Amino acid sequence: DSIKEAADNLVFSDNRITGAVVYRRTGDMLRVDSEDLIYGNCSPLSKMKYMNILKEKKRNELIVKTTFNLSEIASKSIDDIQVFGEQLIKKILETKQPVTVDPVPSEFRGLQRLIILYPVINEDELSGIFVVFKHSTNRIFPVEERTVETIIEDLKVVFSLINGKEVQAERNRLQGEMKTAENIQTSIVPKEIILEGYDCAHSMITATEVGGDVYDFATSPQGYFLGIGDVSGH
């Protein structure tokens, strides 16, 4: 809606932003979560032969399938990177500033005349990229710049909320697994120790949810045996 509103405020609406994509960082991977985050006429960030004859649906599928490993990109020098999209992302990682592709490579001709990658930075870390495409001009206008700035600020908030929920979901999952492991550990030790002629009491309290502690007992004609073990280093 913001992009459409910016187009309505242009003197020549044919020069409007014709496409936009939201990439989000998840761990070390940068990806488009779904086709719902692709607006208008967009292209994958790769130099592909015959891209300009692919239908929009196919290009959108390729956009969603294409992911970027930020750790690998950061570890390489720009001269060693051959993949077009990785080169652009490398520049963003180094400068944390928008990167303009102008002129666009020949593979994009007929589809795009301008591609701009805007970083979404949260606490000095790249949390996503907002990519803008134009078909009919290689200029971005002030009203569009203001719109993009607003979208970037909104994405900062949205990404923070999403990442917070994902962190909490992962924490809940781990806590559930640890609880299961704790139940398994406590189930393998005897509930009570019964030795004729003795009163026995026992307890096991681990330093964390799961420890390396174990105990057991056995009886035989030769006598009673108690075993206590600890393998975790506490």
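Reader: Of the contacts in the protein chain with a separation of 6 or more, what percentage comes from residues 24 or more positions apart?
Author: This is a predicted model, in which local features need pLDDT of at least 70 and side-chain atom pairs count only at pLDDT 80 or more, while totals for chains, interfaces and linings use all residues. Residues are numbered from 1 along each chain as its sequence is written, and side-chain values use heavy atoms, with hydrogens and water left out. A contact here means heavy atoms within 4.5 Å. For contacts with a separation of 6 or more, the share from residues 24 or more positions apart is 51%.

Reader: In what order do the elements run from the N terminus on?
Author: Helices (H or I, at least four residues) and strands (E, at least two) are DSSP runs, numbered from the N terminus. The protein chain has five helices and nine strands. Their order is α-β-β-β-α-β-α-α-β-β-β-α-β-β.

Reader: Why does the protein chain count as more spread out than a compact globule, and what is its radius of gyration?
Author: The radius is taken over C-alpha atoms, and the globule rule is 2.2 Å times the number of residues to the power 0.38. For 234 residues that rule gives 17 Å, and the chain counts as more spread out because its radius of gyration is well over this, at 29 Å.

Reader: Is Ser46 buried or exposed?
Author: Ser46 is found in the loop between β3 (38-40) and α2 (56-65). Leaving aside neighbours within four places in sequence, Ser46 is in contact with Met51, Phe84 and Phe108. Buried means under 20% relative accessible area, exposed over 50%, and partly exposed in between (1.4 Å probe, protein chains only). With a relative accessible area of 17%, Ser46 is buried.

Reader: How many Å separate the C-alpha atoms of Glu5 and Val143?
Author: Glu5 is found in helix α1 (residues 2-8), and it counts as exposed at 52% relative accessibility. Glu5 and Val143 are 138 residues apart along the chain, and their C-alpha atoms are separated by 9.6 Å.
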